[in-house]
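Let's take a walk through this model together. Have the sequence and the 3D view open side by side as you read.

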Amino acid sequence: MSTYPPPASSLDPALVTTALEIPNHRIVRNIGVVRGIVVRSRNVLATIGAGLQTLVGGDITLFTELCEKSRQDAFAMMTLHAAQLGANAVISFRYDANELMNGVTEVLAYGTAVIVERTKD
């Protein structure tokens, strides 16, 4: 699966949760683990700009934006993976990140793909 550009989210974000259940829904089928992975590196200009931002302190916006974009892309790929398997929800959702080498980071979004049905309120 190509990651550029990343896919749009394929599930209703309200049906993606870190919890083990979704209120007013019951799990009717467990499909299994789904994931979305992004590997990104910092570019030299951004690294220099971020280095300058560290001199004055505060939020390093260049890195914040890079991290947020990586998480959004990994999330979108995970929800696409779930939808491709026939899921309409993801439970036990988590992020993980690892530095693969200096300046290269992996961001992983993962969870359990399930099919849920709305229950009577």
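Before anything else, a cut-off to keep in mind: a residue is called buried when its relative accessible area is under 20%, exposed when over 50%, and partly exposed in between.

Keep in mind, too, that what you're looking at is a predicted model. The protein chain averages a pLDDT of 84, and 76% of the residues score at least 70. Confidence is lowest in helix H1, residues 44-56, with a mean of 58. Strand E3, residues 104-118, sits at the other end, with the highest confidence at 95.

Now find Thr17, in the segment before strand E1 (25-41). Thr17 has a relative accessible area of 19%, so it counts as buried. Who are its neighbours? Leaving out residues up to four places away in sequence, Thr17 touches Ile22, Val90, Ile91, Ser92 and Phe93. There's a polar contact as well: a polar atom of the Thr17 side chain lies 3.0 Å from the backbone nitrogen of Ala19.

One of those neighbours, Ser92, deserves a stop of its own. Ser92 belongs to strand E2, residues 89-101, and at 19% relative accessibility it counts as buried. Its backbone has a positive phi, near 55°, in a residue other than glycine. Most residues other than glycine have a negative phi.

Asn24 is another one to check: it isn't a glycine, yet it has a positive phi of about 65°. You'll find Asn24 in the segment before E1, where it counts as partly exposed because its relative accessibility is 38%.

Methods. Residues are numbered from 1 along each chain as its sequence is written. This is a predicted model: local features need pLDDT of at least 70, side-chain atom pairs count only at pLDDT 80 or more; totals for chains, interfaces and linings use all residues. Side-chain values use heavy atoms; hydrogens and water are left out. pLDDT is the predictor's confidence in each residue, from 0 to 100. Helices (H or I, at least four residues) and strands (E, at least two) are DSSP runs, numbered from the N terminus. Buried means under 20% relative accessible area, exposed over 50%, partly exposed in between (1.4 Å probe, protein chains only). A polar contact is a pair of N or O atoms within 3.5 Å; within protein, one must be able to donate a hydrogen and the other to accept it, and residues adjacent in sequence count only if both atoms are side-chain atoms. Contact means heavy atoms within 4.5 Å.
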